[in-house]
Amino acid sequence: MPECVQTGDRMQVPDVSSRKSMFGVSVLRSFLTLAVFLSWFVVLSSQPGHAIPAFARKYGLPCSACHIGWPILNIFGQQFRDNGYQIGNERDSPIYQNPSYWPITFRITPQWHLESQTKVAVDPTLTTPGGEQTITTHGFDLSGLDIWTAGTLYKNISFSVLPSMAEGQTFHLENAWVRFDNLLNSPWLNLKFGKFELDTLLSEKRFLTLSSVGGSWYNYHFLPQGDINGFGGIGDNQIGVELLGHSKNSYARYSIALLSSVDGNPGLTSAGQASTARTYDVYANLNEGFQAGGLGVQRVGVFGYFGQSPTYFLTQTVGGTTTPLQAKGNKSFSRVGAYGWWFLKDLDIETLYMHGQDNVYLGNGVAANNPGSLPPGAAGPSWNGGFIEAHYAYSPQLIFTGRYELVHMSRQAVPTNPGNLGNVDSWTIGYRWYPIMFSRAGLAFHNEYAQAKTGNTSILTGSDQTSRSVMIGFDFDY
């Protein structure tokens, strides 16, 4: 399946009266009623699942051959991906042309969604006093568009290119890489070059939650309050070179990646800033699978990301315009953790623990050439987090999912900060029906609710804020 891109910015408009609030509740109830009706329609009109684009078209395999539920890979799907999108038969050839094979997939998610955030600072108006209010909006919308193609250029040379566009924005390359497989005739030696997803079994590009609040793992992207680290997170695709390998059945796997310190942005820039190409990051992942009787293949693994991020830039001002020229004052950060993926027949459970820490200059937003600006008692912030996520496959066409996730600070950058400043506690529930799953196209009816509380982040009162998302949509690809 295509590398999925999570999109959708949080939308905020004032909820200024109880009448509007009641109207929002009424609309929500109406759409939940519609969701129930459509669910029954899906049940009554379900057809046997066959396959999904684009590899299913090439090999003539059912969707269940590679997926627990699209887009989550099962052990065979992981092995197929590890082998460079090759099964080991005559259809691996890039010149193989089954009449039904079209090696391009389009993916988009038309939807209705509701976004809400509590305790947002608002300006006073003639009818509404200023202060903190709950900001709510809802309506019909679209996700971004993915156009994905991948396959083999030659035996043991695979590739992937994924142009992606968020709604109302321009296209960018979410991934673009070439990989040389089975070097020295060994599955333990494969080399990937370009922009790619970091190798982790718990993939943010292949999971079942898509809402604004639930559509990413907070642990992968977390930064403390006031931190200036330019690293976007383990869930972001990165640019570099990766050496990876696996056993023949992909039970044992490893990867080591050398990455430019630009958070996956081309042009040697990080978040539109100056060149940071003088520094490199390293990511490593090691995992092992083992069979547990009739329960399935269980997996455990460890990972680490070690990098540097700039604290200031050399600049040039011409005609009143200041341009950053080169990143300076690079300081270190790290993310390390362990995970497990546990299978109990139709139920699978993902668990993750992660520890993160940033240098004192990054955590306090201070340039490394100005140490006198560090506040008294300043320290490098550190935190611990994790999640437990479960998927229950009632049938190949119906999957329920639920997740609880937290990130809690263990050391604040400034000792006077509240101990829970920036903490995250979130949970997500949802389900996906697959009424259509053929070799030409796939359709999922997606319903989700997600909620996240952040500690002491409101501007006026310094109290906790809560964000909520409700999403009802159709996730389809062709």
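Ring pairs join Phe207, Trp217, Tyr220 and Phe387 into a cluster, where rings of Phe, Tyr and Trp (its six-membered ring) pair if their centres lie within 6.5 Å. The model is predicted, so that local features need pLDDT of at least 70 and side-chain atom pairs count only at pLDDT 80 or more, while totals for chains, interfaces and linings use all residues. Residues are numbered from 1 along each chain as its sequence is written, and side-chain values use heavy atoms, with hydrogens and water left out.

The structure holds 15 aromatic pairs. Planes under 30 degrees apart count as stacked, over 60 as edge-to-face and the rest as tilted. Tryptophan 217 and phenylalanine 387 form a stacked pair, at 4.6 Å centre to centre and 15° between the planes. This pair links distant parts of the chain, 170 residues apart: tryptophan 217 lies in the loop between β9 (190-196) and α4 (218-221), and phenylalanine 387 in strand β18 (residues 382-395). Helices (H or I, at least four residues) and strands (E, at least two) are DSSP runs, numbered from the N terminus. Tryptophan 217 is buried, with a relative accessible area of 0%, and phenylalanine 387 is buried at 4%. Buried means under 20% relative accessible area, exposed over 50%, and partly exposed in between (1.4 Å probe, protein chains only).

The pair of phenylalanine 400 and tyrosine 431 is tilted, because the ring centres are 6.0 Å apart and the planes stand at 45°. Phenylalanine 400 belongs to strand β19 (residues 398-411) and tyrosine 431 to strand β20 (residues 424-437), so the pair ties together parts that are 31 residues apart in sequence. Phenylalanine 400 is partly exposed, with a relative accessible area of 37%, whereas tyrosine 431 is buried at 19%.

The charged end of lysine 192 sits over the ring of tryptophan 177, 4.3 Å from its centre; the criterion is NZ of Lys or CZ of Arg within 6 Å of the ring centre and within 35 degrees of the ring normal.

The largest nonpolar core has 46 residues, of which Leu202, Ile234, Tyr305 and Leu352 touch the most other members. Such a core is a set of buried Ala, Val, Leu, Ile, Met, Phe, Trp, Tyr and Cys residues joined through side-chain atoms within 4.5 Å. Strand β16 (residues 331-344) gives the most to this core, with four residues. Apart from neighbours within four places in sequence, the contacts of leucine 202 include Trp217, Tyr220, Trp341, Leu352 and Phe387, contact meaning heavy atoms within 4.5 Å. A second, separate core of eight residues includes Leu398, Trp433, Phe445 and Ile472.

Strand β7 (residues 157-165) and strand β8 (residues 172-180) pair in the antiparallel sense over eight bridges, pairing being assigned if DSSP finds at least two bridges between two strands. Proline 163 has leucine 173 in β8 as its bridge partner. The two strands, β7 and β8, form a hairpin with six residues between them, and glycine 168 in the turn has a positive phi of about 80°. β8 also pairs with β9 in the antiparallel sense, over five bridges, and phenylalanine 180 stands opposite leucine 191 in β9.

Overall, the protein chain has five helices and 22 strands. Buried residues make up 51% of its 478 residues. Of the contacts in the protein chain with a separation of 6 or more, 64% are between residues 24 or more positions apart.
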